[in-house]
Amino acid sequence: MIPLALVWLPVLGALLLLLPKARARAERILATVGLAVAGLAVWSAVRGDDLLAWHGWLCADATARLFLAVIDPIFAGIALHSWHRVASDPELRPGMARHVALSLPFLAACNAVVLAAHLEVAWLALELSTLVAAPLVARTGTAVAQRASWQYLLFSLAGLGLVAAGFVCLDRGLVAGGHDPELLLQPLRHGLAAGATAWSAVGIGMILLGLCTKLGLAPMYTWLPTTYDEAPTSVAAMLGAVQFNAAFVLLLRVVEVGRPAHGELITVVLVTVGLLSMVVATASLVATRNLKRLLAYASVQHGGVLAIGVGVGGPAAYGVLLYAASNAFIKAILFLTAGQIHRHCQTKDTGAIRGLIQALPYSGLLLMLGTFALLGFPPFGSFFGELLILSALVETQRMAVFGGFCALLAVAFVATGRTVFPMIWGNAGPAERRPGQPIWGALPKLVFVGVLVALGVWMPATIDALLRQAAGGMR
Amino acid sequence: MTALLVALLLVLLLPLFVGKWQVSLLGLAAQGLLMGWLACRWPHGAGDVSWLTIVDLLLVRGVVLPVVLWRVLRARAAMSGRDGLPPNLLTWAGAVMLLLAAFRAAEVLAPTPALLHLQVAVAISGLLLGFLVLATQGGVFAQVVGVVRIGNAVALLQLGSGHADWVLALAHLVLVGGTLVALRHALIVVREVPAATSAGRESPV
């Protein structure tokens, strides 16, 4: 029941918008549905049972419950942020119904990806989430936004096309091994474990590369900075924190079923792609002067860290999940804050923004905390996640990867700090000061900061158990 | 069947050697129609081919996509031959190397029977050449062609894979739908985006 509700509630919310009266209150529908779905997701995470629905095609196992408890509350926070924006600027109201009509199916599709116990169903839902997100990216209607939306769609289609080709190869591999061509997780796990074939190896390789494209990892990462930069900030947060994690869950599922037969291949592909992503992201972090692009490159870098962690598997599993969950909240905080800063300063040029802590106290504070979390400072969850991944690299004797990882992190650390900290503490001109930011606009982001700290210093026992259970699946 | 697959391989390669957008479009249409013909004549016992696949290949990939693309190009005031792979020795060498790699991969994956071997080789060639177009070209038209080529290659690989349930059919439809949405986007980009240089205004939410 709960898995179905997590998919159908947003769809019903979107259908409500067919009523003219409901369209006038679109932002309230978005926030209400977002909060209801978040409540259900958190309740299902705390309850702790694996739930099946739709004849076993949807399954709320530990991994699904963990990620639903991350992405649904984040979506609710973004919805509340949108409500606040519309309330404080009524001129935005006309476009809201369309925004909500696309955002709610997006949430339904992302939840379906996380819950799907069938690889093709997950793929389908991911493709649908992409198709509804593309018009959201182009929402401002400017030429650059249209092009960014086009690029997002194009690379997503190419990546997901590669994944589809990988599924066909897996099918053929199963047939060659004398099994039914079935992509339900459980039979697929047994079918692949029974014997590796060249077909299944090619299939796994294609799926990994296709999903890495969808996650914005090198070499096909160029769509990500453009899209995150040009998309409305709430949409960038949705793509970075919600859809990214949905696609990441699909990657985890593929790795989980493929590792027994193709563990070495998975490690080589993911560690290579991860390191390559970290290299290109670090170089871009050094060069960029655009705040949203800086966050986008940081996303590419974190994608790289996650890919390396998943590639190493075993001892890194807990760290990977903790890092992924923390990162989702960090991206939501930073993208929503970057939007606020852009609106106030009318520029994304990091060199032209100064003294945020005086001009926009909450935004300055949130940018500071978000950046500390982004850079992996304690006491945030990202610090411990990164530490666990690093210790897993040492434990598995991958010292060259460990060395490269540390060097790239150090450069990214300096480059990000050098760019962001003057924006926070530099001197604001008198015209830039604007005291009196209302706290309720910053409230969702402050709650996200609280969650980040909790993940680092006070992990609730139920969430810790969920993380361990999900990490067990990755091993 | 073998003749059809060889013809398909030629159709995949020819536009890369000519470098004119009209030839690219004709090539796409021919790919769809040839694959549709192949699906109609698919031998019994070598995996089922659904009617949906046939409609997709013949109608959507053979007719609709090339026609919509034709409209995209007509919408573009000054279409030059530059919006495609440049017909030079480097491109040709790259294409031939990818072709050899595809046949080598097919040798490993499906050494026998001959029909499957050729089908896999042509499908992998299509996939690799699609990515070659996508990776080396920045123009809207060339990128659409790249994505459609990749979609065609996936469809060819699916032929006779022995897996034809409703999920796959739905996946097929969504992939085609996605490609059509991408084409619609391409139309907007070509019509409304003369140059992507100005910074966008901040969005509503």
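Start in the loop between α13 and α14 of chain A, and select Q346(A) there. This is a predicted model. Q346(A) is not a glycine, yet its phi is positive, about 60°. At 64% relative accessibility, Q346(A) counts as exposed.

Now select Q397(A), in the loop between α16 and α17 (399-425) of chain A. Here too phi is positive in a residue other than glycine, near 65°. Q397(A) is exposed, with a relative accessible area of 64%.

**Two cis peptide bonds**

Select P378(A) and P379(A). The peptide bond from P378(A) to P379(A) is cis, and omega is near 10°. P379(A) sits in the loop between α15 (361-374) and α16 (381-395) of chain A.

Next, select A218(A) and P219(A). A cis peptide bond joins A218(A) and P219(A), with omega about 5°. P219(A) belongs to the loop between α9 and α10 of chain A.

**Helix α9 and what follows**

Step back to residues 198-214 of chain A, which form helix α9. This helix has 17 residues. From first C-alpha to last, α9(A) reaches 24 Å, close to the 24 Å expected at 1.5 Å a residue. Is α9(A) mostly covered or mostly open? Mostly covered: 13 of its 17 residues are buried. Just after α9(A), pick G216(A), which takes a positive phi of about 80°.

Move on to helix α10 (residues 223-230) of chain A and select T227(A). T227(A) is buried, with a relative accessible area of 0%. What does T227(A) touch, leaving out residues up to four places away in sequence? Show V137(A), A148(A), Y152(A) and L239(A) to see these contacts.

**Salt bridges**

How many salt bridges does a search of the whole structure find? Over all chains there are nine. Here are some to look at.

Select D61(A) and R253(A). Their side chains meet in a salt bridge, at 2.7 Å from N to O. D61(A) lies in the loop between β2 (58-60) and α4 (62-88) of chain A, and R253(A) in helix α11 (residues 233-287) of chain A, so the pair ties together parts that are 192 residues apart in sequence. Both D61(A) and R253(A) are buried.

Select E256(A) and R189(A) next. They form a salt bridge, with the closest N and O atoms 2.9 Å apart. E256(A) lies in helix α11 of chain A and R189(A) in helix α8 (residues 185-194) of chain A, so this pair ties together parts 67 residues apart in sequence. R189(A) is partly exposed, with a relative accessible area of 21%.

Then try D349(A) and R289(A). In this salt bridge the closest N and O atoms are 3.2 Å apart. D349(A) is in the loop between α13 (317-345) and α14 (356-359) of chain A, and R289(A) in the loop between α11 and α12 (291-312) of chain A, so the pair ties together parts 60 residues apart in sequence. At 26% relative accessibility, D349(A) counts as partly exposed.

**Over to chain B**

Colour chain B by secondary structure. There are seven helices and zero strands. Buried residues make up 55% of the 205 residues in chain B. Of the contacts in chain B with a separation of 6 or more, 74% are between residues 24 or more positions apart.

Select D56(B), in helix α3 (residues 51-75) of chain B. At 5% relative accessibility, D56(B) counts as buried. Leaving out residues up to four places away in sequence, D56(B) touches R61(B), H172(B) and V176(B).

**Where the chains meet**

Finish with both chains shown. The contact takes 49 residues from chain B and 53 residues from chain A. The area buried between chain B and chain A is about 4400 Å², with 73% from carbon and sulfur atoms. Across this interface the rule finds zero salt bridges. It does find three residue pairs in polar contact, both residues at pLDDT 80 or more.

Select α4 (89-109), α5 (114-136), α6 (140-158) and α7 (166-192) of chain B: each supplies at least two residues of the side that touches chain A. Which helix gives the most to that side? It is α7(B), with 16 residues. By class, the side of chain B that touches chain A has 31 nonpolar, 14 polar and four charged residues.

Key
Residues numbered from 1 in each chain as written. Chains lettered and ligands numbered in written order. Predicted model: local features only at pLDDT ≥ 70, side-chain atom pairs only at ≥ 80, totals over all residues. Heavy atoms only, no water. Contact = heavy atoms within 4.5 Å. Buried area = accessible area lost by both parts, 1.4 Å probe. Salt bridge = Lys/Arg side-chain N within 4 Å of Asp/Glu carboxyl O. Polar contact = N/O pair within 3.5 Å; in protein donor to acceptor, adjacent residues only side chain to side chain. Helix = DSSP H or I, 4+ residues; strand = E, 2+ residues; numbered from the N terminus. Nonpolar A, V, L, I, M, F, W, Y, C, P; charged D, E, K, R; others polar. Expected span 1.5 Å × (residues − 1). Buried < 20%, exposed > 50% of the residue type's maximum accessible area, 1.4 Å probe, protein only.
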